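Q: I'm new to this one. Can you put the structure up and take me through it?
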Amino acid sequence: MNIIVVDNLAQAGQAGKDVFAKELNNGAKVFGLATGSTPISTYDAIGNSDLDFSDCISINLDEYVGLKSTDSQSYHYFMQKHLFDKKPFKKSYVPDGSNLDAAKATEDYEKIINQNPIDLQILGIGRNGHIGFNEPGTPFDSLTHEINLTESTIEANARFFENINDVPRKAYSMGIASIMGAKHILLEAFGTQKAEIIKAALEGPVTEDVPASVLQKHPNITVILDRDSAAQLNLN
Ligand code: GLP
């Protein structure tokens, strides 16, 4: 596991962009993308770079169920605004939150992942250790599936909505096994509020109670942290 500790978000963005650039130069064609506030510095740095993804495919981790891609709270909309407007991909996939047939929506998405194996997957982490929307207790062998969001995740994400009652209660997410299939995973976390979960995920027991702890079993992980989120780690 390669852990990079940076001083501020500008440095984090550069470090994240450098990971993408290296993979792109090595011939990577499929990039797994994430939403949330965490990857924004990386997307901003990529947006301001001369990197070209017009020959690449992007596959996003998750989407709220019940939101159309044009809804300003949808993850599809988020990606358009924070990355795709500046850096278009040849083809970008986000789970179809407007398809209420969960079995069909999730099976179709897993097929897309199988047909386009992910070279680099960027991840944030929820305060309870979730990756994508895989809440604590999600089996490590899970594929793309529908999820009932926990109260803590609904509360954490309410800041993006006018009213907490507007936060969707369900999401489609790549499963843990779908995520672990990526050849290289870049985990990012910033701020004091992530310090405890980063310690548990990277140095605690590997357990389905902390979904991100599964990353300890992946052979190619890069982690970008700031000093606050890294504060509880035993770094030498
Ligand atoms: C959401 C997303 C996750 C993200 C998490 C943390 O739940 N589904 O992919 O990692 O939020 O968000 P933030 O980066 O804003 O802390």
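Q: How many aromatic pairs does the structure hold?
A: The structure, a predicted model, holds ten aromatic pairs (rings of Phe, Tyr and Trp, the last by its six-membered ring, with centres within 6.5 Å).
Q: Why is the pair of Tyr64 and Tyr75 tilted?
A: The planes of the Tyr64 and Tyr75 rings are at 45 degrees, with centres 4.8 Å apart, so the pair is tilted; planes under 30 degrees apart count as stacked and over 60 as edge-to-face, the rest being tilted.
Q: And where do Tyr64 and Tyr75 sit in the chain?
A: Tyr64 is in strand β4 (residues 62–64) and Tyr75 in helix α3 (residues 75–84), eleven residues apart, and the pair links distant parts of the chain. Helices (H or I, at least four residues) and strands (E, at least two) are DSSP runs, numbered from the N terminus.
Q: How is everything counted?
A: Residues are numbered from 1 along each chain as its sequence is written. Local features need pLDDT of at least 70, side-chain atom pairs count only at pLDDT 80 or more, totals for chains, interfaces and linings use all residues, and side-chain values use heavy atoms, with hydrogens and water left out.
Q: Switching to the ligand: what lies 2.4 Å from an oxygen atom of it?
A: A polar side-chain atom of Thr38. For Ser37, the distance from a polar side-chain atom to a ligand oxygen atom is 2.6 Å.
Q: Which side chain lies 2.8 Å from a nitrogen atom of the ligand?
A: Asp62, through a polar side-chain atom.

How values were computed: A polar contact is a pair of N or O atoms within 3.5 Å; within protein, one must be able to donate a hydrogen and the other to accept it, and residues adjacent in sequence count only if both atoms are side-chain atoms.
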